[in-house]
Amino acid sequence: MSDTQPKWTREAATALHDLPFMELLFRAQTVHRAHFDPNKVQMSRLLSIKTGGCAEDCSYCSQSARNGSNLSASKLIEVERVLSEARKAREAGATRFCMGAAWREPKERDMDTLVAMVEGVKAMGMESCMTLGMLDDTQVVRLRDAGLDYYNHNIDTSERYYPEVITTRTFADRIATLNRVQEAGIKVCSGGIMGMGEEATDRIDMLVSLANLPKAPDSVPINMLMPQADTPLAKAEPLDPIAFVRVIALARIMMPQSHVRLSAGRSEMSDEMQALCFFAGANSIFAGDTLLTAENPGDSRDMALFAKLGLQPMAAEEHACTEAAE
Ligand code: SF4
């Protein structure tokens, strides 16, 4: 979305969301084709650089120290290990390397290491992305100056439903970090998790909040909850797959230039369901057999699916086509 594009209202978004399914898919695919090659999918690789022991209480997360999971807390891993994983990711076709730490926010003592990680990944010719929790102004500037391309900071759900999922920070805290990151010129990756017991209106409101940021996020990860043992959402009712595809299609229409990432939950999805998500406008995935802690389909299953569907990995420089992007 350009700065001049009109803001979205809940009413306009709901009218799209509630269209007959085939009409919604047709519109989403039409928007998708106006901005992207519909047969190309951007591939990111995710590495946990610091696992477990997180001070936040996100109800879906096995890394929270408050959720009683068995996951033990690790220290921030060494730069060399990160770069060796990034090298492997590049050889496997990933164009973006995402590094995630289970923190409420980074500590000052970790900043030099984080900067070295970003610089090392950039030196390999890959795009870099980090997710480290909340950032202050100084941290944002240090990461930007190191060459950080993307910062992931999900808003997870609607402002209304947020306190049902997380109590240790607010929706407004989340938006404040996103604004800080965007103002510094780092691209934003922000999305949410479906199937946490929220209503359809919460899913719509979440997309309205994202689309109405000063600039829509460059990447919008849409996750299907993968219930983790020992978390408050361990027994959450699964979301109807068609309701999930509606969210992908709506994200595509509301944020036509963004990469919509079919993110966590793919390992539980059939090939047909993933194909429907790609048709609805998803054009980015995490490759590899694990996410931060959850399962992912793995390269061989993904490559088999890509071959069946005639999909190809997108090169790093292929972004929304500029002719159709004003
Ligand atoms: S989702 Fe992130 S912030 Fe929340 S508990 Fe897990 S690691 Fe911490």
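**View 1. C61 is in contact with N67 and T231.** That list leaves out neighbours of C61 within four places in sequence, and contact asks for C-beta atoms, placed from the backbone, within 7 Å. What you're looking at is a predicted model, where local features need pLDDT of at least 70 and side-chain atom pairs count only at pLDDT 80 or more, while totals for chains, interfaces and linings use all residues. Residue numbers start from 1 along each chain as its sequence is written. C61 sits in the loop between β1 and α3; helices (H or I, at least four residues) and strands (E, at least two) are DSSP runs, numbered from the N terminus. C61 is buried because 25 other C-beta atoms lie within 10 Å. The scale calls a residue buried at 20 or more other C-beta atoms within 10 Å of its own, exposed at 12 or fewer, and partly exposed in between, with C-beta atoms placed from the backbone.

View 2. C58 belongs to the loop that runs between β1 (40–50) and α3 (79–91). There are 24 C-beta neighbours inside 10 Å of C58, so C58 counts as buried. Skip the residues within four places in sequence, and C58 is in contact with S64, V165 and I166.

**View 3. Around the ligand sit C54, E56, C58, C61, Q63, S64, A102 and G133.** By residue type, the shell splits into four nonpolar, three polar and one charged. Here Ala, Val, Leu, Ile, Met, Phe, Trp, Tyr, Cys and Pro are nonpolar, Asp, Glu, Lys and Arg are charged, and the others, Gly among them, are polar.

**View 4. β1 has parallel partners in β2, β9 and β10.** Strands pair if DSSP finds at least two bridges between them. With strand β2 (residues 96–101), β1 makes six bridges, and S44 has R96 as its bridge partner there. Strand β9 (residues 284–287) is joined to β1 by four bridges, with M43 opposite I285. Two bridges link β1 to strand β10 (residues 312–313), where P313 is the residue facing V41. β1 is mostly covered, too: nine of its 11 residues are buried.

**View 5. Strand β8 (residues 259–262) is covered on both faces.** In a regular strand, side chains alternate between the two faces of the sheet. On one side of β8 are H259 and R261, on the other V260 and L262, and all of them are buried. β8 runs parallel to strand β7 (residues 219–224), and four bridges join the two. One of the facing pairs is S219 and H259.

**View 6. The largest nonpolar core takes in 89 residues.** Such a core is a set of buried Ala, Val, Leu, Ile, Met, Phe, Trp, Tyr and Cys residues joined through C-beta atoms within 7 Å. F97, L207, I248, A249, A251, M254 and A280 have the most contacts inside this core. Helix α9 (residues 241–254) supplies the largest share of the core, nine residues. Zoom in on I248, and you'll find it touching I222, V260, C277, A280, G281 and A282, not counting residues up to four places away in sequence.

**View 7. A13 is a buried residue in helix α1.** A13 counts as buried because it has 21 C-beta neighbours inside 10 Å. Beyond four places in sequence, A13 is in contact with W8, I204, L207, V208, L250 and M254. G185, by contrast, is 28 Å from A13, C-alpha to C-alpha, and 172 residues away in sequence.

**View 8. D18 and A200 are both partly exposed.** D18 falls in the loop between α1 (10–17) and α2 (21–35) and has 13 C-beta neighbours inside 10 Å, so D18 counts as partly exposed. A200, in helix α8 (residues 200–211), counts as partly exposed because it has 15 C-beta neighbours inside 10 Å. Setting aside neighbours within four places in sequence, A200 is in contact with H17 and A243. From A200 to R246, 46 residues apart along the chain, the C-alpha separation is 9.8 Å.

Notes
Two residues are in contact if their C-beta atoms, placed from the backbone, lie within 7 Å. A residue is near a molecule or strand if its C-beta atom, placed from the backbone, lies within 6 Å of it.
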